[in-house]
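User: I am new to this structure. Please walk me through a few of its parts.

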Amino acid sequence: SSGPEIGTAPLSAEAKGLVNAALELYATALPPLRYKYANTIPTEDGSTAVQPDVAETHCRIAELYELKGSLRLAEESYVDSLGAFGVDVDRDAADKGREGRGFDDVHPSAALAWHGLASLHLKMGEFERALHEGERCLHLVRVVLMRTENDEVNGLRVTARECVGDAHLGLGRHDAAAEMFKEGLREFKSGRCDSGPLVEARLLRKLGRSSLKSGRTDEARNHLEESLRILQSDKHSARAGLELPRALSDVAEVHLRRGDASSAVKTLRGAITRYVDLGCTERDSDMARARSLFKEAQLGPPTASLLTGKSSASPLSAGNITHETPRGSPSTCSTAPSTA
């Protein structure tokens, strides 16, 4: 997984057909998998044996429902996956103060289901639940990797921390978010997990955004400029997707906080054009944020407007920014609540 991102591309009619076909195949596969465990003797506490193949099938089903936009069905499937891994999600949530409870016996791959559920709740704007689930995922990753090397779980070293940071950011806990993004960057730079430069750029952007929200403008600018350096490089710009206009929007916000409205307008023009290239519409949260910042930048420094009674607005207006989007071009934006 590349990390918990809010935006999801809408599926074409052909892709929807493929997703539905895959769902039918997985639904057909579940009964014989469950039958393998039909005669399993329950443990002393009444729970059944861990069923990793059933759990992994539920996880795949959850991912497919998420692609379709059927988020509640995806949620149910992630919970079923964790149940087959031996985790009672409701009991775990009620007992969340006891961080390590039962983890000695939990299947390592349960970390993937925890991460999927946390990322889903981020997308749904349920940040408290996402925080708890992200922390459970991260704790399990630590427990598993203390015992043995596990390539599948090792890949969550960075993204589990990013997920927890996203939840803190969504809850307005900007300093806590920054610490998790810093941890994620340390893990990335340790070389212990196979994450690419775009993951580093995303973490730097989110760290910059957290710093900006905490009022550390200079620190935010440094992180964001480093993120942009990676995203705008010839090697990575074609694959940057939403990350590039998001970073541009964040840089523009730094310009605004520093009173440089003209630089903000110029930067936001680039961000909005990129969003349109990606198929974003006015309904998308990322585009809406860029438009809002653009209008703020047009007003110029607040003190200047108050003193002169005039707006220092740029002749470029939000309504004048147009760019032809190819017909059928997929959007990578979302109307979901964004922590990005």
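User: How many residues does helix α9 have, and what span does it reach from its first C-alpha to its last?
Analyst: This is a predicted model. Helix α9 covers residues 174-190, which makes 17 residues. At 1.5 Å a residue, 24 Å is expected. The helix comes close to that, reaching 24 Å.

User: Which helices do the buried residues of α9 pack against?
Analyst: The buried residues of α9 include A177, M180, F181, L185 and F188. Buried here means under 20% relative accessible area. The partners of these buried residues are α6 (127-147), α8 (156-170) and α10 (197-213).

User: Which residue takes a positive phi just after α9?
Analyst: Look just past the end of α9. The phi there is about 75°. The residue is G191.

User: Is G208 buried or exposed?
Analyst: G208 sits in helix α10. Leaving aside residues up to four places away in sequence, G208 touches A220, H223 and L224. The C-alpha atoms of G208 and R221 are 6.7 Å apart, though 13 residues separate them along the chain. Because its relative accessible area is 0%, G208 counts as buried.

User: Which element gives the most to the largest nonpolar core?
Analyst: That core has 44 residues, and L82, C137, L140 and V141 have the most contacts inside it. Elements giving two or more residues include α1 (13-35), α2 (52-68) and α8. The top contributor, with 9 residues, is α6.

Methods. Residues are numbered from 1 along each chain as its sequence is written. This is a predicted model: local features need pLDDT of at least 70, side-chain atom pairs count only at pLDDT 80 or more; totals for chains, interfaces and linings use all residues. Side-chain values use heavy atoms; hydrogens and water are left out. Helices (H or I, at least four residues) and strands (E, at least two) are DSSP runs, numbered from the N terminus. The expected span of a helix is 1.5 Å times one less than its number of residues. Buried means under 20% relative accessible area, exposed over 50%, partly exposed in between (1.4 Å probe, protein chains only). Contact means heavy atoms within 4.5 Å. A nonpolar core is a set of buried Ala, Val, Leu, Ile, Met, Phe, Trp, Tyr and Cys residues joined through side-chain atoms within 4.5 Å.
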